[in-house]
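Please open the model in a viewer and display the backbone together with the side chains.

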Amino acid sequence: GVEHYVYSSVASADRHTGIPHFESKWKIEQHIRESGLPATILRPAFFMENFSAPWMRPSIMEGTLALPLRPAKKLQMVAVHDLGEFAAAAFLRPEEFIGRTIELAGDELTMPEVAEDLSRTMGRPVAFRQLGDDEAEKAYGPDMARMYRWMNDTGFAVDIAALRERYGIPLMTFEQVIATAEWAKGSS
């Protein structure tokens, strides 16, 4: 009796990345399609809120954003809020969303740009430091280290401008998200 199923996957799930947590979401997507459920699949890119996660926030609070991304590589990101906005829109406008797979990102920044936004919001310097592959493996484990290597080599491919235009949902920028993050406000 399910009239509309909305599933949150991951951007690029269908691109055979070899990243275990991407591949498992792809299998779930395939199962949903095979089930015949009327469904919408939302594929968010990297969550902007990940910067407040226990594996990132402590070093940021100490003044260093340390990730295994190349300094010039842009990372597509989406706010958790925007994932919720798209899920709500899917339920409110099923005729427009059922049967669609939608990749989500609202901003695309290099890590030095992210560090600048963090510095501005926190009122103190945050510097970006690129972790090497060995450091990434040790810090994040093989699954996440593989994901960061893929992000450096390939990366997400969301057409952010087309996404905004097609669905009329205003997507948040990283600067907007971090400006409202309690953990980052005035922590100087």
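Begin with the charged side chains: the mean positions of the 20 positive and 27 negative charges of the protein chain are 2 Å apart. Here Lys and Arg count as positive and Asp and Glu as negative, while His and the chain ends are not counted; each charge is placed at NZ of Lys, CZ of Arg, CG of Asp or CD of Glu.

The model is predicted, so local features need pLDDT of at least 70 and side-chain atom pairs count only at pLDDT 80 or more, whereas totals for chains, interfaces and linings use all residues. Residues are numbered from 1 along each chain as its sequence is written, and side-chain values use heavy atoms, with hydrogens and water left out.

**Whole chain**

Switch to a cartoon view, in which eight helices and eight strands can be traced in the protein chain. These are DSSP runs numbered from the N terminus, helices being H or I of at least four residues and strands E of at least two. The C-alpha trace spans about 50 × 35 × 25 Å along its principal axes. Colour next by burial (buried is under 20% relative accessible area, exposed over 50%, partly exposed in between, with a 1.4 Å probe and protein chains only): buried residues form 47% of the 188 residues. Of the contacts (heavy atoms within 4.5 Å) with a separation of 6 or more, 83% are between residues 24 or more positions apart.

**Nonpolar core**

Select Phe51, Leu65, Phe86 and Leu118, the residues with the most contacts inside the largest nonpolar core, which has 60 residues. Helix α6 (residues 133–153) gives the most to this core, with seven residues. Such a core is a set of buried Ala, Val, Leu, Ile, Met, Phe, Trp, Tyr and Cys residues joined through side-chain atoms within 4.5 Å. Centre on Phe51; leaving aside residues up to four places away in sequence, its contacts include Leu65, Met111, Phe174 and Trp183.

**Helix α6**

Move to Asp134 in helix α6. Asp134 is exposed, with a relative accessible area of 70%.

Most residues other than glycine have a negative phi. Ser12, however, has a positive phi of about 75 degrees, and phi of His16 is near 50 degrees. Ser12 is buried, with a relative accessible area of 0%, whereas His16 is exposed at 59%.
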